[in-house]
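Q: I have a structure open and want to go through some side chains with you. Can we start with the polar ones and move on from there?

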Amino acid sequence: SQSAFLTIGILTAVAAASAATTATIIYLKRHQRRQRERNDYEKKTSFASAYESLIGLTPLTPLPTLSKLLHPASIYVKLESLNPGGTPKDRAVLSMILDAERRGRLPRGGGGVVVEGTSGSTGISLAHLCQCRGHECVLFLPDDQASEKRIMLE
């Protein structure tokens with residue numbers, strides 16, 4: 001019973017370490033792809049280029065208490081709320097806009113229109129990134145949307 005408990009603990013730690021390794025490999029491959037996409041950008045204003053280049057470069061912070069519980073695995077959290085738009089949606093929205101430009105659904109270099117029904121951080125990210133990439137952004141907000149958020153999006 002004690003050895004069974006120890007065996008389960010070891011298997012859990014090995015599985016956690018394996019999952020962490022797999023997640024790291026996936027992250028690095030996506031990061032490399034994103035870097036290649038960023039290198040293919042057309043010339044933009046220096047602000048837009050700087051703004052976009054900061055997306056995803058958020059700190060990876062260790063969680064020591066959880067890491068101790070799952071020893072030998074080290075657990076980290078990515079602080080996506082530290083993206084330039086202040087929202088974890090910046091990375092997803094940039095990816096969607098780049099994909100739409102790559103597929104021809106939005107013109108490269110700006111001039112497109114993005115329409116979104118939103119009540120939160122996706123709209124904030126869209127507003128910032130559409131401006132950076134030269135696209136118009138039309139957001140539809142619910143009637144009960146907080147006035148502070150409405151003002152921010154205007």
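Q: Which side chain does the side chain of Glu101 make a polar contact with?
A: That of His135, at 2.7 Å. Keep in mind that this is a predicted model.

Q: Where is Glu101 placed?
A: Glu101 is in helix α4, which covers residues 90–103.

Q: Buried or exposed?
A: Glu101 counts as buried, because its relative accessibility is 3% and the cut-off for buried is under 20%.

Q: What else does Glu101 touch, leaving out residues up to four places away in sequence?
A: Besides His135, Glu101 touches Leu106, Pro107, Arg108 and Arg133.

Q: What do the side chains of Arg133 and Glu101 meet in?
A: They meet in a salt bridge, with N to O at 2.4 Å. That pair links distant parts of the chain: Arg133 belongs to helix α5 (residues 121–133) and Glu101 to helix α4, 32 residues apart.

Q: And Arg133, buried or exposed?
A: Buried, because the relative accessibility of Arg133 is 8%.

Q: Which residues are in the salt-bridge network?
A: Glu52, Glu101 and Arg133 are linked in that network.

Q: How many salt bridges does the count come to?
A: Five salt bridges. One of them joins Glu80 to Arg91, where the closest N and O atoms are 2.5 Å apart.

Q: What does the Glu80 and Arg91 pair tie together?
A: Glu80 sits in the loop between β2 and α4, while Arg91 is in helix α4, so the pair ties together parts that are 11 residues apart in sequence. Glu80 is buried, at a relative accessible area of 15%.

Q: What about Asp99, which residue does its side chain meet in a salt bridge?
A: Arg103, with an N to O distance of 2.9 Å. Asp99 and Arg103 are separated by about one helical turn, because they are four residues apart in helix α4.

Q: Are those two buried or exposed?
A: Asp99 is partly exposed, with a relative accessible area of 25%. Arg103 counts as exposed, at 56% relative accessibility.

Q: Last topic, the surface. Which residues make the nonpolar patch?
A: Leu63, Leu66, Leu69, Leu70 and Val77 make a nonpolar surface patch of about 390 Å².

Q: Where is Val77 found?
A: Val77 is in strand β2, residues 76–78.

Terms used. Residues are numbered from 1 along each chain as its sequence is written. This is a predicted model: local features need pLDDT of at least 70, side-chain atom pairs count only at pLDDT 80 or more; totals for chains, interfaces and linings use all residues. Side-chain values use heavy atoms; hydrogens and water are left out. Helices (H or I, at least four residues) and strands (E, at least two) are DSSP runs, numbered from the N terminus. Buried means under 20% relative accessible area, exposed over 50%, partly exposed in between (1.4 Å probe, protein chains only). A polar contact is a pair of N or O atoms within 3.5 Å; within protein, one must be able to donate a hydrogen and the other to accept it, and residues adjacent in sequence count only if both atoms are side-chain atoms. Contact means heavy atoms within 4.5 Å. Patches are made of residues with over 30% relative accessible area and no salt bridge: like charges are joined within 9 Å, nonpolar side chains (Val, Leu, Ile, Met, Phe, Trp, Tyr) within 5 Å. Accessible areas come from the Shrake-Rupley method with a 1.4 Å probe; for residues, only the protein chains shown count as cover. A salt bridge is a side-chain nitrogen of Lys or Arg within 4 Å of a carboxyl oxygen of Asp or Glu.
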